[in-house]
Amino acid sequence: MTRWTPDPSFYPSPREASTAPAEKLAYVAAFDRTAQRPDAIVVLDTDPESADYGRVVGWTDLPDTGDEVHHFGWNACSSALCPTAPHPHVERRYLIVPGLRSSRIHVFDTRPDPRAPQLVKVIGAEELAGRAGYSRPHTVHCGPDGIYLSALGGVNAAQSADGVNAAQSADGVNAAQSADGVDAEGPGGIVVLDHTTFDVRGAWEADRGPQFLAYDVWWHLTQDVLVTSEWGTPSMIEDGIVGELLLGRKYGHAIHFWDLAKRRHVQRVDLGDQYQMPLELRPAHDPTQSYGFVGVVISVEDLSASVWLWHRDGAGAHAPWAVTKVIDIPAEPADPADLPELLKPFGAVPPLVTDIDLSVDDRFLYVSCWGTGELRQYDVRDPFHPVLVGSVRLGGIVARTAHPAAPGEPLAGGPQMVEVSRDGRRVYVSNSLYGSWDDQFYPDGVGAWLAKLDVDPEHGGLTPDERFFPHGEEFRGLRVHQTRLQGGDASSDSYCFP
């Protein structure tokens with residue numbers, strides 16, 4: 001839908017976005033692990049003055065089963081105000097919601113009633129595969145020229161109609177590996193959708209170079225730089241983490257830099273194959289800066305997790321890219337009797353950094369340690385030397401730390417997906433990682449909960465809001481993953497002016 005004036009939730013700069021009004025609603029992806037019921041988009045009231053504050057106030061089921069909604073995002077955002085944007089009058093109205101297992105993409109309209117998103121379009125797996133050559137759409141970003149979706153698999157990543165991974169043979173051996181070890185399920189990559197019709201335009205890459213594994217995608221828009229990270233092909237992840245592949249260092253361990261305008265691969269930077277699964281990418285919001293952070297799930301050498309900084313290796317806009325490890329988080333010793341089978345031989349709980357988020361002012365980096373049940377807050381005004389300034393514990397594989405609002409209820413899962421408000425004063429965390437991985441690390445059940453943390457904007461520090469803790473049956477038996485905030489949040493928008 002075209003507007004006469006730009007959407008009021010768009011801001012030309014991160015400085016102006018940080019003054020935006022507080023969100024009144026949050027949208028949450030919720031899924032049924034059994035694939036017997038439809039997944040849903042759940043709406044939470046985030047207005048402290050409302051009688052329904054912290055409660056579920058809206059619920060829209062998806063039309064099918066077996067989707068496993070995971071990451072999702074807006075159709076348009078502040079990048080529409082970039083000088084190169086061909087659609088400056090689009091509006092932030094539609095939620096683009098992929099099904100990670102089904103490869104279906106759902107489009108929900110939030111404008112008629114923000115508390116009751118309406119499904120207006122479903123893009124089938126066949127269209128995604130036929131027009132772009134991809135499957136398993138994952139992360140959604142609104143760009144100035146279209147909607148970008150990362151996809152984990154190619155058209156050869158076979159999947160059965162009921163959403164169960166068909167790339168495993170009966171004896172559990174990966175059936176997508178050819179005799180010479182070359183995986184036939186990829187490559188993963190980037191899909192572009194039209195801003196207005198939501199039609200699949202096609203694959204973004206003109207020349208992918210050595211890139212094969214995929215996960216996240218982000219950019220430095222004013223520098224024509226796109227960055228991608230790596231996880232694994234569908235059969236490597238859909239039935240849980242595969243110990244042999246992890247110890248064999250077969251998951252992703254590099255990030256890739258691309259020429260955004262020419263859609264061509266420029267440089268692969270390897271973190272070292274012991275650093276398995278560099279996932280979430282968080283570039284500086286200030287468009288004059290040339291750095292960003294990537295979180296690494298685990299080191300196979302000591303079970304630690306880490307955060308790395310990408311930056312130019314030298315002066316000038318054409319200097320090559322480099323990465324530097326700036327945060328190291330060690331594993332925590334534990335009694336093997338308290339650990340799931342996968343971890344018993346190690347006698348320790350890995351932090352498992354599975355999400356990071358950077359505040360709009362580029363001051364605070366939030367790091368979720370899903371294994372130990374900790375959310376860490378770092379002051380990153382000097383990005384090469386982060387300083388830990390805040391920490392909150394909720395859940396954890398061993399600790400099962402309760403929320404202050406329900407001190408008698410041990411929590412499973414841990415802070416996983418992290419979303420930060422535009423003004424940086426509120427952080428929302430949800431507890432499910434991915435259905436099969438939940439089951440591996442929390443075999444007695446992961447439950448469902450979402451918490452809000454208040455931020456001390458002057459000194460740093462995090463405090464759980466005891467009024468905001470939807471959990472358990474409020475989510476009707478579904479698990480909860482990513483949260484998006486009405487009007488935008490710290491990981492939705494990118495800017496072209498400082």
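**Core and strands**

Reply: This is a predicted model. Its largest nonpolar core has 31 residues, and those touching the most other members are Trp-231, Ile-237, Tyr-251, Met-277, Ile-397, Trp-437 and Phe-441.

Me: Which helices and strands each supply at least two residues of this core?

Reply: The helices are H3 (234–237), H4 (243–247) and H5 (435–441). The strands are E16 (275–283), E17 (292–299) and E21 (348–349).

Me: What is Ile-237 in contact with, leaving aside its neighbours within four places in sequence?

Reply: Leu-152, Trp-231, Gly-232, Tyr-251, Tyr-434, Ser-436 and Trp-437. There is also a second, separate core of 27 residues, and Ile-255, Val-269, Trp-308 and Trp-321 are among them.

Me: New topic: strand E13. Which way do the residues point?

Reply: E13 covers residues 225–228. Val-225 and Val-227 point one way, while Leu-226 and Thr-228 point the other way.

Me: How many bridges join E12 to E13?

Reply: Four, and E12 (residues 217–220) runs antiparallel to E13. Trp-218 stands opposite Val-227. The hairpin of E12 and E13 has four residues between the strands, and Asp-224 there takes a positive phi near 55°.

Me: What about E14, how is that joined to E13?

Reply: Four bridges join E13 to E14 (residues 254–259), and they run antiparallel. Leu-226 has Trp-258 as its bridge partner in E14.

Terms used: Residues numbered from 1 in each chain as written. Predicted model: local features only at pLDDT ≥ 70, side-chain atom pairs only at ≥ 80, totals over all residues. Heavy atoms only, no water. Buried < 20%, exposed > 50% of the residue type's maximum accessible area, 1.4 Å probe, protein only. Pairing = 2+ DSSP bridges. Core = buried A, V, L, I, M, F, W, Y, C linked by side-chain atoms within 4.5 Å. Contact = heavy atoms within 4.5 Å.
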